[in-house]
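The sequence and structure come first, followed by the description.

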Amino acid sequence: MTITAVQHADWVATMDPQRRLLRDGTIVLKDDRIVYVGKADALPASFTPDRVIDARGKLVTPGFIDTHVHNTQHLDRKSTRLNSSHIP
């Protein structure tokens, strides 16, 4: 089992039903499964990654699969926009 952490992303678009946008977010994967999506400072200590990807300066969309559509078209769906009103 390999644990990978994508840490400190400037933005994480969760794609959950609430369409949350997180600042300083982290995603943890165990093999091919997403097991954590949340704020970097709330990452449980039980996750000790084998591999760390520094995502500073990046937008991360965990679980998002798209064959070909421009990101701006998806980020604008259901009035989800990158602005401070959506930051928890």
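## Overall fold

Strands, as the term is used here, are DSSP runs of E with at least two residues, numbered from the N terminus. The model is predicted. One helix and five strands occur in the chain, and their order along the sequence is β-β-β-β-β-α.

Of the 88 residues in the chain, 31% are buried. For contacts between residues at least 6 apart in sequence, 51% join residues at least 24 apart.

## Strand β1 and its partners

Strand β1 pairs with β2 in the antiparallel sense, through eight bridges. Strand β4 (residues 51-54) is joined to β1 by four bridges and runs parallel to it; in this pairing Ala5 stands opposite Val52. Strand β5 (residues 59-60) also runs parallel to β1, with two bridges between them, and here Trp11 is opposite Leu59.

Nine of the 11 residues of β1 are buried, so the strand is largely enclosed by the rest of the structure.

## Ala13

Ala13 belongs to strand β1, which covers residues 3-13. The bridge partner of Ala13 in β2 is Leu21. Is Ala13 buried or exposed? Its relative accessibility is 5%. Because buried means under 20% relative accessible area, Ala13 counts as buried.

Ala13 and Pro62 are 49 residues apart along the chain, and their C-alpha atoms are separated by 7.4 Å.

In soluble globular proteins, nonpolar side chains tend to be buried together. The largest nonpolar core in this model has seven residues: Val6, Ala9, Val12, Leu22, Ile27, Ala55 and Val60. Strands β1 and β2 (21-30) are the elements that give two or more residues to this core. Strand β1 provides the largest share, three residues.

Another core, of five residues, lies apart from this one and includes Ile3, Val28, Tyr36 and Phe47.

What does Ala9 touch, leaving aside residues up to four places away in sequence? The contacts of Ala9 are Arg23, Asp24, Gly25, Ala55, Lys58 and Val60. Two of these residues, Ala55 and Val60, are listed with Ala9 in the largest nonpolar core.

How values were computed. Residues numbered from 1 in each chain as written. Predicted model: local features only at pLDDT ≥ 70, side-chain atom pairs only at ≥ 80, totals over all residues. Heavy atoms only, no water. Buried < 20%, exposed > 50% of the residue type's maximum accessible area, 1.4 Å probe, protein only. Core = buried A, V, L, I, M, F, W, Y, C linked by side-chain atoms within 4.5 Å. Contact = heavy atoms within 4.5 Å. Pairing = 2+ DSSP bridges.
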